[in-house]
Amino acid sequence: METKDLKNIWNALADNQLVDEKLAKENITEIISKKGKGLFSKMTKKTIFDYWLYLIGLIAVPLATTMVHLNLMKPLPTIQAYVGIVFVELYLIYMFINARRKLNFIESSNNSLSIKESLVEMQKKLKKAINREYRLGVFFGIGIILLTIIQLVITGGGLSNIDFTSFPTMIAVLLIATPFILPMLLRYEFKLRYSRITKDIKQTINELEEI
Amino acid sequence: MEKEFTELLYRNQGIVHKICNLYFRNRSHKDDYRQELIIQLWKAYPKFSNKSKFSTWMYRVCLNAAIDILRKEKTQPKFTEYDTTLGTITDHKKETSDNQEKLHQAISRLTDIDKAIITLYLDEYSYKEIAEIVGMSETNTGVKINRIKSQILKTIQNGN
């Protein structure tokens with residue numbers, strides 16, 4: 001079999017699938033006007049929905065907690081309840097960052113660069129994403145520290161009255177380490193999840209550079 | 001702009017089919033991938049500047065989109081929720097000849113980049129054009145193509 005035969009076979013494959021002109025053009029118009037009704041557009045809509053859901057939850061939980069603190073007519077949440085709320089908040093932070101990641105990568109597709117340039121751009125994007133998540137982790141962590149300190153002081157009736165031997169208080173004190181632990185955990189999880197892609201991209205770039 | 005794009009895409013629709021066959025051949029809902037490539041082309045179209053041929057530009061966008069989709073499926077296996085195992089080869093055999101099937105099998109074993117290179121070569125793009133689309137030097141492109149061709153011809157001649 002010669003190269004010419006390969007080319008003929010290859011072209012015959014595509015020709016087998018060409019359809020009537022009018023139908024084909026109507027199909028194209030329908031796809032671009034409705035942005036497809038298929039799986040990818042559903043996944044994009046779901047990811048956008050998740051992003052906003054977790055962002056709203058992330059803002060609503062500390063807002064609600066703060067309003068309870070400020071409303072002195074109602075009983076203040078105990079330290080146990082507060083610790084529970086913080087773990088819910090940590091879960092929302094993780095889910096929000098996850099949704100943000102997915103959205104980032106869904107939106108990154110369309111480009112007319114060469115394949116190699118596109119891979120190099122993706123590498124830069126991944127590096128930026130890790131650093132951005134680290135900063136988000138620090139930001140959320142500081143927020144949790146501040147609220148935890150406020151909660152400990154108010155519930156404990158002042159710094160000198162805090163009972164450091166009680167289990168919920170110990171957990172609350174550990175939460176003060178959040179700005180240090182949370183960003184490191186996010187960075188570690190990101191690298192773990194994307195290690196395969198990062199390795200893949202590096203290998204492909206090397207493949208394009210070697211003879 | 002929509003009418004112009006539709007006309008250009010229609011005239012070059014074979015490219016989308018070829019790329020879907022190349023990268024998503026054994027997926028059960030190939031039409032979703034085809035639609036996604038068309039949407040990516042439409043989103044990128046405003047940036048098309050007529051500096052290169054439409055077909056060259058189209059290959060670039062579609063190949064990037066296809067490789068991107070495959071990458072996402074690796075990190076998020078539930079991204080497509082589709083079975084990516086070889087499941088419909090018997091259906092393909094009804095539509096294609098034996099040689100076409102052998103060629104597809106041979107190409108399916110190549111890396112994503114090698115698939116892109118050989119497709120462009122089989123579509124009679126020059127080494128220079130292939131090098132620009134893929135992002136390699138022209139010399140590297142020539143060497144790569146010869147290696148891939150030998151690999152494919154060997155696979156086809158061995159019959160597996």
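**Salt bridges**

I began with the term: a salt bridge is a side-chain nitrogen of Lys or Arg within 4 Å of a carboxyl oxygen of Asp or Glu. Side chains of opposite charge can pair when their charged atoms come close.

Before going on, I noted that this is a predicted model, where local features need pLDDT of at least 70, side-chain atom pairs count only at pLDDT 80 or more, and totals for chains, interfaces and linings use all residues. Residues are numbered from 1 along each chain as its sequence is written, chains are lettered from A and ligands numbered from 1 in the order in which they are written, and side-chain values use heavy atoms, with hydrogens and water left out.

I looked up A:R193 and found a salt bridge to A:E189, with the closest N and O atoms 3.2 Å apart. I also needed the rule for helices and strands: they are DSSP runs numbered from the N terminus, helices being H or I with at least four residues and strands E with at least two. A:R193 and A:E189 sit 4 residues apart in helix 7 of chain A, so about one helical turn separates them. An α-helix has 3.6 residues a turn, so residues three or four places apart point the same way.

Buried or exposed, I asked next about A:E189: which is it? At 19% relative accessibility, A:E189 counts as buried (buried means under 20% relative accessible area, exposed over 50%, partly exposed in between, with a 1.4 Å probe and protein chains only). A:R193 is partly exposed, at 29%.

A:E189 has another salt bridge, to A:R101, where the closest N and O atoms are 2.8 Å apart. A:E189 lies in helix 7 (residues 178–209) and A:R101 in helix 4 (residues 79–106) of chain A, so this pair ties together parts that are 88 residues apart in sequence. A:R101 is buried too, like A:E189. Which residues make up the salt-bridge network here? I wrote down A:R101, A:E133, A:E189 and A:R193.

I looked at A:K124 as well. It forms a salt bridge with A:E121, the closest N and O atoms being 3.7 Å apart. A:K124 is partly exposed at 47%, and A:E121 is partly exposed at 41%. Over all chains, the structure holds 13 salt bridges.

**Rings**

Next I turned to aromatic pairs. Rings of Phe, Tyr and Trp (its six-membered ring) pair if their centres lie within 6.5 Å; planes under 30 degrees apart count as stacked, over 60 as edge-to-face and the rest as tilted. A search of the whole structure finds 16 such pairs over all chains. One of them is A:F190 with A:Y194, a tilted pair with 4.7 Å between centres and 35° between planes. Both lie in helix 7 of chain A, 4 residues apart, about one turn. A:F190 is buried at 1%, and A:Y194 is buried at 3%.

B:Y59 is in helix 4 and B:Y125 in the loop between helix 7 (112–122) and helix 8 (127–134), so the pair ties together parts that are 66 residues apart in sequence. Both tyrosines are buried. I also listed one aromatic cluster, made of B:F5, B:W42, B:Y45, B:F48, B:F54 and B:W57.

**Core of chain B and beyond**

A nonpolar core is a set of buried Ala, Val, Leu, Ile, Met, Phe, Trp, Tyr and Cys residues joined through side-chain atoms within 4.5 Å. Which members of the largest core touch the most others? Of its 74 residues, the answer is B:Y23 and B:I152. Helix 4 (residues 54–75) of chain B gives the largest share of this core, 12 residues. Apart from this core lies another, of 25 residues, among them A:Y51 and A:F140.

Last, I checked helix 7 of chain B: 10 of its 11 residues are buried, so the helix is largely enclosed by the rest of the structure. Among the buried ones are B:I113, B:K115 and B:L122. Just after this helix, B:E124 takes a positive phi of about 65°.
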